[in-house]
Amino acid sequence: MTTPKLFWFRRDLRLEDNPGLHAAAETGGPVIPVFILDPETEALGAAHRWRLGAALEVFAETLSAAGSRLICRRGKASEVLQSLIEDTGATAVHWSRTYDPTGIARDTAVKAGLADAGVEAKSHAGHVLFEPWRVQTQQDEFYKVYTPFWKSVRDRDPGGPLSVPKLPAPETWPQGVDVAALDLGSDMRRGAAVVARYAKVGTAAAEAKLDAFMDGPLAAYGDDRDRLDRDGTSGLSDNLALGEISARQIWAGVRAAMEHGQKGAETYLKEIVWRDFAYHLLYHTPRIATENWRPEWDGFPWKSANDQAEAWRRGRTGEPVIDAAMRQLYVTGTMHNRARMLVASYLTKHLLIHWRVGLDWFADCLIDWDPASNAMGWQWAAGSGPDAAPYFRIFNPATQAEKFDPDGAYRRRYVAELSDDPGAQAQAFYAAIPERWDMSPNDTYPDGPLIDLKKGRERALAAYEDHRSRQSAA
């Protein structure tokens, strides 16, 4: 029998349209699916790790139904792979590329180690529509502004989607542990049971979401995507983050709808391409994940985490739409995209707290956390990033709520104190939060906001002008 090869799964937990898996299968012989809980993965936030564990459980069942098996092990990726090679006699390892600096450093070291051992190492596209080095300006530079990036790729064919490959089993399977033994949800504690009600896990669930979206909300997406009180989005962000569905699968369906004149389709495709743009920037300028993308923002007097940041985290700012959004995050593990912009603007501008405080909180609480989109979103809102909103564009939460939640339905859905008879989602917040927060549905709502919105705006603008003046003087 042909020697086996390993396929190392990471953020590509699907059989459909998986170029790397397809390539591994095409070489002939057995394919051994592998997942490694390495230190880089163990460092992920609590909610995202829990969601990864749920995804792996479903994916293991999918592989079993296809006559294959998911081999799970824990340890440093290079060492685990070497051990698996010794156990199986595998002569090649395949995986789908990542584009974040942590993933690139790990994969580069793994590839070098495999080469030294005489084992073929093959990385493949598959996580984005267009790999970062394949989209360039006429000056052979990377794009720094989204609109020309969109125009450059709008009419390109990303290829695929590919069919499910056959995965011949080896004569004997190497040892592994059950997904449950990895204990990926340990840090979610009681919040896991609440969030689990809202997470639709696996490829089948993702494809059903896409079909339902295209049959309904897509037509009104251009208008409804910003409405906090309507179910106007696809809800695919967590499935896409873990590769339970590929960006190319989404592109293929929605692009066909666009070409048939489906209203809302192009607007939705722009959102999928925005995700590519975020990875494009993360790859070319990895500092976006940890530092101000615009160096001129270094030295801006943002505050560190403080009592106001803690009130923001707990949904106790006294601004109902901000609090509703922060509670939605704890109840569902996700947050409406319009709400993400509002809470980010409020934290970084009204409260003048550093965007990294928010970035880290989202990384710990989002089941759809994505390294590129999270960094891009926070720096965009703060004004320190590429193609960012001008700093003086400071969202007013009250007027935004009037526009995008005109009847207050979203606010009442998540903030129990705003209703005499709070619903299940508002009450679920108290079942999900840490007990040490000592919060209850019987609490009274804050007597007033953390900061007057007008004064907060004026303070933010004054800080910005002072920062510019100091820079000019320097």
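Residues are numbered from 1 along each chain as its sequence is written, and side-chain values use heavy atoms, with hydrogens and water left out. Because the model is predicted, local features need pLDDT of at least 70 and side-chain atom pairs count only at pLDDT 80 or more, while totals for chains, interfaces and linings use all residues.

Empty space was examined first. Rolling a probe the size of a water molecule over the atoms shows where empty space is left. The search runs on a 1 Å grid over the protein atoms alone; a cavity is a set of points where a 1.4 Å probe fits but cannot get out, and a pocket is an open set with protein on both sides within 12 Å along at least five of seven lines. Lining residues have an atom within 4 Å of a point. Grid points are joined across faces, edges and corners, and a volume is the space filled by probe spheres set on the points.

The second largest pocket holds about 710 Å³ of space. Its lining comprises 30 residues, of which Glu40, Leu44, Asp100, Trp369 and Pro371 are the closest to the centre. Two or more lining residues come from each of helix H2 (39-42), helix H3 (46-65), helix H5 (101-116), helix H13 (265-284), helix H17 (355-365) and helix H18 (371-382). Helices (H or I, at least four residues) and strands (E, at least two) are DSSP runs, numbered from the N terminus. By class, the pocket lining has 14 nonpolar, nine polar and seven charged residues. Here Ala, Val, Leu, Ile, Met, Phe, Trp, Tyr, Cys and Pro count as nonpolar, Asp, Glu, Lys and Arg as charged, and the others, Gly among them, as polar.

Two cavities of 30 Å³ or more are present. The largest cavity has a volume of about 60 Å³, and its lining includes Leu13, Arg14, Leu15 and Glu16, together with Gly202, Thr203 and Glu244. H3 contributes the most to this lining, with four residues. Five nonpolar, three polar and three charged residues make up the lining of the largest cavity. The second largest cavity contains about 30 Å³ of space. Among the residues that line it are Arg11, Arg14, Gly126, His127 and Arg275. Its lining has three nonpolar, four polar and three charged residues.

Helix packing was described by axes, which are lines fitted to C-alpha atoms, for helices over the stretch in contact, with angles from 0 to 180 degrees between N-to-C directions. Contact means heavy atoms within 4.5 Å. Helix H9 (residues 203-215) and helix H12 (residues 247-259) pack at an angle of about 15°, with their axes 11 Å apart. H9 is therefore roughly parallel to H12, a term for angles under 35 degrees, whereas those over 145 count as roughly antiparallel, 65 to 115 as roughly perpendicular and the rest as oblique. The crossing of H9 and H12 is right-handed; a crossing is right-handed if the near helix is turned clockwise from the far one by less than a right angle, and left-handed if anticlockwise. Glu207, Leu210 and Met214 of H9 make the contact with Gln249, Ile250, Gly253, Val254 and Ala257 of H12. This contact of H9 with H12 has five nonpolar, two polar and one charged residues.

Helix H16 (residues 337-350) packs with helix H19 (residues 397-404) at an angle of about 170°, their axes being 11 Å apart. The two helices, H16 and H19, are therefore roughly antiparallel. Arg338, Leu342, Tyr346 and His350 in H16 meet Pro397, Gln400 and Phe404 in H19.

Helix H4 (residues 77-88) and H5 pack at about 35°, with axes 9 Å apart, and their crossing is right-handed. On H4, Ala77, Ser78, Leu81 and Ile85 meet Arg106, Val110 and Leu114 of H5.

Two backbone features lie in loops. The peptide bond from glycine 160 to proline 161 is cis, with omega near -5°, and proline 161 is in the loop between helix H6 (146-153) and helix H7 (179-182). Aspartate 17, a residue other than glycine, has a positive phi near 45°; aspartate 17 lies in the loop between strand E1 (5-9) and helix H1 (19-26).
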